[in-house]
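I open the notebook on a structure I have not looked at before. I will go through it part by part and write down what I look up.

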Amino acid sequence: MNEQIEKIINNIEKVMIGKREIAELSIVSLLAGGHVLLEDVPGVGKTMMVRALSKSLGTTFKRIQFTPDLLPSDVIGVSVYNPKTLQFEFRPGPIVGNIVLADEINRTSPKTQAALLESMEEASVTVDGETIQLPKPFFVMATQNPIEYEGTYPLPEAQLDRFLLKIKMGYPSKEEEIEVLRRAEKASSIDQIEAVISLEQLIELQQQVKQVHVEDNIKEYIVSLAQTTRHNEQVYLGVSPRASIALMKAAQAYAFMKGRAFVIPDDVQYLTKFVFGHRLILRPEARYEGATEEKVIESVLRYVPVPVKRFVQQ
Amino acid sequence: MKRSGIELAEQFLFYLIVFLIVREWLVPIMQLTDTGYFSLFSLFIALCLILSYLGWPLLVSCFLKMGFILWALVYVYNDSELSDWAFLSYELKYNFTVLVNGDWTLVSDPIRTSLLFVLIWMLIYLIQYWITVRFTIFYFFVLTVFFIATLDTFTDYDGTTAIIKVVVLGLIMTSLLFVKRLIQTTNAQLKWSNYLIYVAPIVVFIGVSGVVAAVLPKSEPQWADPVPYFKDWAGIGHTGGSISQVGYGDNDESLGGPFVGDNTLVYEVETPIRQYWRVETKDTYTSKGWESTANMDSEMILEQSDPIPFSILPGDKEAEKVTVYPLTNQPFLVQAYGTTNYNLNNVDDSLKFNQANEKMVIQTSNVEMHLTGYELVYQEPSYSFSQLKDVETSSKGNERYLQLPETLPTRVKDLAHEITADYDSVYDKARAIESHFKRGDFKYETTNVAIPSADEDYVDQFLFETKRGYCDNFSTSMVVLLRSVGIQARWVKGFASGERISSSNGMHWYQVTNNDAHSWVEAYIDGVGWVPFEPTIGFNNPVSINYDVETPEDDVAQQLEKKEDVVPEPEEEDKKEQVAAAKSKTIDFSKWQWLLYVLAAILLIAGIVLWKRRGSWQPKLAVQIHQSKLKDATTFEDGYFVLIKQLERIHLKRNDNETLQQFAKRVDAQLETTKMAELTAVYEQIIYAGKARQFDTSKVKESWEYLINRTSS
């Protein structure tokens, strides 16, 4: 495990109980320059996670609570006329920050969703013809309620594709929940944690992740996995080549986090469900028969042989 | 390693038992291949075992064994005037030339014998390994039982007592070695008394049960004798059509067509040697079969004391007696080669001899007479090899024996000249024709045999078209070929030697059945007389040829070419005397075939054993092969997969969708180690990290060897 990352995770664990995996995956996404979609019911600690991460990194933390009546300008900002200078001045919205928590993203209208997702993809916002670069690193953690809930606007597939990973929080175990209560009894612990890594160091880490080696046989493995999803009979729409890229980048970050300079199939296997899960569209009939994205991905992983020899171009 | 007294005694016992078992191998080999000097080979086995027991240095024991082999060769073979060394060097030179020329069949007997010695040497070496290192004799034991059982079933070797001996000895040996293994694993120090307490009950138990089992009365075999049974079974479905039955008959005018066997006993005979039984000859070939010019005029009545004017003259060997016990009504008396006179039971009976076809019948008023048996006295003729080789021309003899039908196709004659072109002497020409059948793609067959149509020649059809048939095809063709090159020849009918039932006091009992009815060839060589030849594949006529030549040439070298043919023989259609119970078809277990089966079986068993025991040798072999490697990425990759393959054998198979780390974890959990993970980490670097990294070869090797050895069973 990379030492600096170990520090961050330990720091987060001070406030988050039993969520080490979520913390790890969030950092993987952050290092790979991607964004995370957290899907779960309210109240399991999504916000706390983001805040803890943000504090550990010593970055600015912004939060946008999405509601049905939220407008794009509420997200990206608005130009306001300044009587003193006799000019319109851009007042940045909450999107302009290093770590942004976009809460309940599927509660707002598609227009506002689109505004957020565009800025995520471009890492910039454009208002009145003026383009403003978002600060680096720029990392969005969006949360959404499960789509079965009332009053939700499900995110279109093309937009889901912009999230590197989709993670489910899950409820804590009994012991963990007791521990949560124990800590909540006293003062809020989030205030006690401090930054363990500077912004510059984080950018340096992001650069290092790009150096992680991906051997051809691993690339072939990733592509085989992606292609297999396209031929699965339960799947209506398989994952895109963008998903293959995403899986490779995530694997690089994960390998780096594990202190390795190269990606191994274990990295890929572990990350596949987080990367591919939200990019698959199952056939409705398959869904009725009980198929889930996770099951499909498991079967794909069982089907594709792991590369154990050096890659030979066929 | 110093051996204690008890170990010495124990090992002596082992070697003694091994000696007795190996000896049982030698008996049938000697008997079936008619090899002499049993005691020499036994002595050699003993020598090998003693040297191994004494544990003398390899060089010394090699030297002694080599010395023994050379001495034995000289002792057995050198009856020439050459000095021993000259003899050996001559042999060496001769065989070297022969082998270099690729004439494998021409190697001389001393070489064959020395190969047998070497084989025994190897065998003993292997057994020594089994009993002193592995402490197990089981495979050898099973192999021996299998060997003896096979020979007992398929040849006339009688393994009744041998099998009991081998089983008892083998079981004792197995149990002694088991005790030995027990002692080894516990590292116990045994005293004499303790050892006896372990061993004595086993030995007593096996001995007593062996003896009891041997003396208890036994029921008749529940299964039919497999050979006739299978013959019978194979014969099913060939009942229709014009199928002849085997047996002796008079009418040979139209030969050909399939036949079924008939194992009705014709007679039993007590004889000092295995030999063919002549009945009559025929001289006129009709292009469909044989006729005889014999008629009443050529008949003569002889008293029992009269010398019989056979054309086969008695040899200068001692007179021997043969007793024949006919079991069916036969109108003829059988003849041995070199028969001088007959002693019939009834002294008043006389003999009727037909000079033209040399058929001998009893002239008697009592029709039942011949059933009581008769005795014939003969002096086995021996042909001088040098004399045979000397004769280069055939005198214009009796036209009868040069007769050929005018319709005989010229290609038959052309073939005859082609075969004999390279030879000068009559004998060599005849041998060349005889071996022509053994070289070409001729096949012995009884079922799918053609009958020549009206405008076809029987011989021509066989030589050029069908190439498959039984003795009539072969012998008739040879006679025709001989006559085509001007050698006088005739067609001989009679019986092959039959099946040996028992032996005692130098006399052998043979049973001759209708299946043994046979035909062969006699050629006339000036100054020597009529010499028998045997062209039929799978048959062997025990002719005594005295190789009285200075240097061995060509197909020289055997004193007596003898071998057992337990082969039934065809004859012809509807013979009234024949009993209808037709059974067996021919299977030819001739001289070397059984050995082939045994070898194949041994190979098969060895293969199975090796496969079953691969756990014990594959890892060691793998270590030997890869040990010095594992230096760079490529060899390491090979080594890693060798390891995975070996792990598979102990039920640690990597699934295709399993990553190496997951697999390594599983392996390590199973073997309670961490070496697989260490090794896998290195391997991952090689295949996933882009460039081959440096790794700690010694450590890798150590882990790899450790794991490979863990897979060893």
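I start with a term: a residue is buried if 20 or more other C-beta atoms lie within 10 Å of its own, exposed if 12 or fewer, and partly exposed in between, with C-beta atoms placed from the backbone. I also note that this is a predicted model, where local features need pLDDT of at least 70, side-chain atom pairs count only at pLDDT 80 or more, and totals for chains, interfaces and linings use all residues. Residues are numbered from 1 along each chain as its sequence is written, while chains are lettered from A and ligands numbered from 1 in the order in which they are written.

**Entry 1: one residue**

I looked up B:W277. Is B:W277 buried or exposed? B:W277 counts as buried because 27 other C-beta atoms lie within 10 Å. I found B:W277 in strand β4 (residues 277-282) of chain B. Helices (H or I, at least four residues) and strands (E, at least two) are DSSP runs, numbered from the N terminus.

Next I checked its contacts, meaning residues whose C-beta atoms, placed from the backbone, lie within 7 Å. Leaving out residues up to four places away in sequence, B:W277 touches B:V334, B:Q335, B:A336, B:G494, B:F495 and B:V512.

**Entry 2: a sheet in chain B**

I traced an open sheet of three strands in chain B, in the order β7-β10-β11, with antiparallel pairing. Strands pair here if DSSP finds at least two bridges between them. β7 (299-302) and β11 (359-363) of chain B are at the edges with a single partner strand each, so one side of each has no neighbour in the sheet. From one strand to the next, the twist averages 25°; such angles run from 0 to 180 degrees between N-to-C directions, and axes are lines fitted to C-alpha atoms, for helices over the stretch in contact.

I then followed β10 (residues 350-354) of chain B, which pairs with β11(B) over five bridges in the antiparallel sense. B:I362 in β11(B) is opposite B:L351.

**Entry 3: helices**

I checked the span of helix α4 (residues 84-100) of chain B. The expected span is 1.5 Å times one less than the number of residues. The 17 residues of α4(B) should therefore span 24 Å, and the end C-alpha atoms are 24 Å apart, which agrees. After α4(B) comes B:G102, with a positive phi near 80°.

On the α9(A) side I listed A:I218, A:Y221, A:I222, A:L225 and A:T229, which meet A:P265, A:V268, A:T272 and A:F276 in α11(A).

**Entry 4: where the chains meet**

How many residues of chain B are in contact with chain A? I noted 12 residues of chain B, in contact with 19 residues of chain A. On the chain B side, α18 (660-671) and α19 (675-688) each supply at least two residues. The largest share, three residues, comes from α19(B).

**Entry 5: the chains overall**

Chain A has 13 helices and 11 strands. Of its 314 residues, 41% are buried. Chain B has 20 helices and 21 strands. Of its 713 residues, 33% are buried.

How values were computed
Contact = placed C-beta atoms within 7 Å.
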